[in-house]
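Subject: Structure for your review

Dear colleague,

Please find the structure below, together with its sequence.

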Amino acid sequence: MSSPEIRVTFTPGGATVMVPAGELLLNAAVAAGVPLAAPCGGHGRCGKCRVQIQQGHCLPPDRHERNILSADELKTGWRLACMARVRSDIVVSVAPEQRLVIAKPLEDELLEGVTPEPAVRQVTVSLPEPSLQDQRADFVRLRDGLAPAVSLDNAALTALRDLPGELREGQFTVSATLLDDRLVGVATLDEAQHPLGVAVDIGTTTVVAYLVDLLTGEHLGSGTAHNPQAQHGADVISRTDYAANQPGGLSRLQSEAVGVVNQVVSQALAAAGGHADQVIEMTVVGNTCMHHLFLGLDPWHIAQAPYIPVASDAITVTPGSLGLKMNAQGRVVCLPVIAGYVGADTVGVITATRMMDSDRPVLAVDIGTNGEVALWSGERLVCASCAAGPAFEGAQIEHGMRAAPGAISAVDLHDGDLQITTIDDQRPLGLCGSGLFDAMAVCLEAGLVDAMGRMVAPDREQDLAPALAARLQGEGNTRRILLASDGDAEAHAGVYFTQKDVRELQLAKGAVRAAVELLLRECGLKVEDLSAVLLAGAFGNYLRPQSALRMGLLPPMSPTLIRGVGNAAGAGAMLALLSLPWRRRAEEIARRAEHLELAQRPDFQQMFMETMLFM
């Protein structure tokens, strides 16, 4: 006998789904299309998928859930979505830190000086009317009228169906839209609309679409959303495991990737007053795993040595083959990847920053779950990846969260005490990436944490300023520092920076720093040789160079060398969309790049151990 169906409603928004009794709230959220972060892959370890029960009931929490949530939290209805099972019709409130997403900034300077030369063209043509002496077919007439300036080889069936009516309604003066040498649309002059294009960056955490007018190059708008795959884990390894080991896992991940791309494209179109049929071409970047999941390619062998992707060249597919909501006669171009863990997003960063135009060495670091580092020596382009983990994006951090209103985004030392800043000056809910970097740097500077990553012991608190000493609690591995007072946090008693958080940051920053040091060593360079260090990624623009240097993410250097370049990966996708020469340049960059497999280097482990120190 099947279980009775239970109604689960998520607020705010009111998304509702029917699920069997005993279903996990996390699975109900997936079915309802409600994004919930579950960095640990839904195994009940991270505590990030917390929700609050407003009406109805779940089965009682087990011992594991009671160990993560306090008695007061459970009493006020807080539960972990990955562990709580529904028992009756229920209304669930999603925690504030889960609801909002900050768009990845696109630096306009990365697009300056680019003349639109897209694959899509729109041409106005006046043709002689047919007669008994001129009985050419309509398509032949159009093709001849465009020649020799424009080559027209074939046509989409939908365009051929429209052609006779549009020609005669327009008295044989029409606007023809071509994708390469193929007719994809025809309209009278008063009905013709500019063709649009979309550049998409599928990030592990965030997905963003940038809408452009393909004729003028004007950026018309953007759309941003959480990557719903985060419900299956914060990192690519968790998602690869899900694809391989869950029945229908790959299909679900692919469906979620396409669904969120459709969502962000729809947002961008709505903001610009456009419609899906105007979108003729889409370019896509992402790390290699996101690239594979979007295309429905099995990523399993990326996760296993020797880390081999299914394909590395640029891939062109039809929108219908993926289920994308755009002009069915258009196309989707996924930019090439470099290696199993160095993806098209890195190709986009290198392309957009024009770092290879410099006659001096330039370093680019994309800070994220899978840290990607590229070094242009002046002659060689060498890339590497490092398993930084999701700590920089707030996962595996006790009170870590996404960059959303209420996230602590900056921490300063002022008059002997800590001073915090939150996004939109909202009540502190947790720490986002830039706030983590600041917290770590300030704690090191103030003596709250030593070079080994140990928080100051209780018997040494007298050496600190009284206000700082008062923020310390616990002992040993439970040692923690209060950042926001008890009355300032909504879902838990204060926002803390913990000893465990320090260890997570040590591992993450050590991985990135080791990659930087080994790339420099590979090219025979010293840090003094660098002319610029470019920080790309979700919070590259918000990260204080001084904090990155103080915590040792980068080798000692002048902060003036460090520059945030925003979502350079997305800018690279935009360049490839707007200009065929730039698209070819991106493909050449991928071919030229040398991939350095750090794990195979005999000096990697020693370097990693050294760079974990806060020196």
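A crossing of two helices is called right-handed if the near helix is turned clockwise from the far one by less than a right angle, and left-handed if it is turned anticlockwise. Please bear in mind throughout that this is a predicted model.

Two helix pairs

The crossing of α15 and α19 is right-handed. Helix α15 spans residues 499-522 and helix α19 spans residues 604-611; their axes lie 8 Å apart and the packing angle is about 125°. Angles of 65 to 115 degrees count as roughly perpendicular and those over 145 as roughly antiparallel, and α15 and α19 are therefore oblique to each other. On the α15 side, the residues that meet α19 are L507, K509, G510, A511, R513, A514, E517, L518 and R521, while α19 contributes F604, M607, F608 and T611. Sorted by class, this contact of α15 with α19 holds seven nonpolar, two polar and four charged residues.

The other pair consists of helix α5 (residues 138-146) and helix α6 (residues 157-169), which pack at an angle of about 75° with their axes 10 Å apart. These two helices, α5 and α6, are therefore roughly perpendicular to each other. D138, F139 and L142 of α5 make the contact with L160, L163, P164, L167 and R168 of α6. By class, the contact of α5 with α6 comprises six nonpolar and two charged residues, and no polar ones.

Two helices with buried residues

A residue counts as buried when its relative accessible area is under 20%. In helix α12 (residues 344-353), 10 of the 10 residues are buried, so this helix is largely enclosed by the rest of the structure. The buried residues of α12 include A344, V347, V349 and I350, and also D345 and T346. After α12 comes R354, whose phi is positive, near 55°.

Helix α1 (residues 25-32) has L25, L26, A28, A29 and V30 buried. Among the elements that cover these buried residues of α1 are the strands β1 (5-11), β2 (15-20), β3 (50-55) and β5 (90-94), along with helix α8 (249-272). The residue that follows α1 is G33, which has a positive phi, near 75°.

V120 belongs to strand β6, which covers residues 120-126. With a relative accessible area of 1%, V120 is buried. Which residues does V120 touch, not counting those up to four places away in sequence? They are T177, L178, L179, P195, L214, I280 and E281. V120 and T177 are 57 residues apart in sequence, yet their C-alpha atoms are 7.1 Å apart in space.

Q231 sits in the loop between β12 (219-226) and α7 (236-245). Its relative accessible area is 4%, so Q231 is buried. The side chain of Q231 reaches the backbone oxygen of P228 at a distance of 2.7 Å.

S579 is placed in the loop between α17 (568-578) and α18 (580-592). S579 counts as buried, because its relative accessibility is 1%. Apart from neighbours within four places in sequence, S579 is in contact with V114, T115, E117 and P118.

Yours sincerely,
A colleague

How values were computed:
Residues numbered from 1 in each chain as written. Predicted model: local features only at pLDDT ≥ 70, side-chain atom pairs only at ≥ 80, totals over all residues. Heavy atoms only, no water. Helix = DSSP H or I, 4+ residues; strand = E, 2+ residues; numbered from the N terminus. Buried < 20%, exposed > 50% of the residue type's maximum accessible area, 1.4 Å probe, protein only. Contact = heavy atoms within 4.5 Å. Polar contact = N/O pair within 3.5 Å; in protein donor to acceptor, adjacent residues only side chain to side chain. Axes fitted to C-alpha atoms, helices over the stretch in contact; angles between N-to-C directions. Parallel < 35°, antiparallel > 145°, perpendicular 65-115°, else oblique. Nonpolar A, V, L, I, M, F, W, Y, C, P; charged D, E, K, R; others polar.
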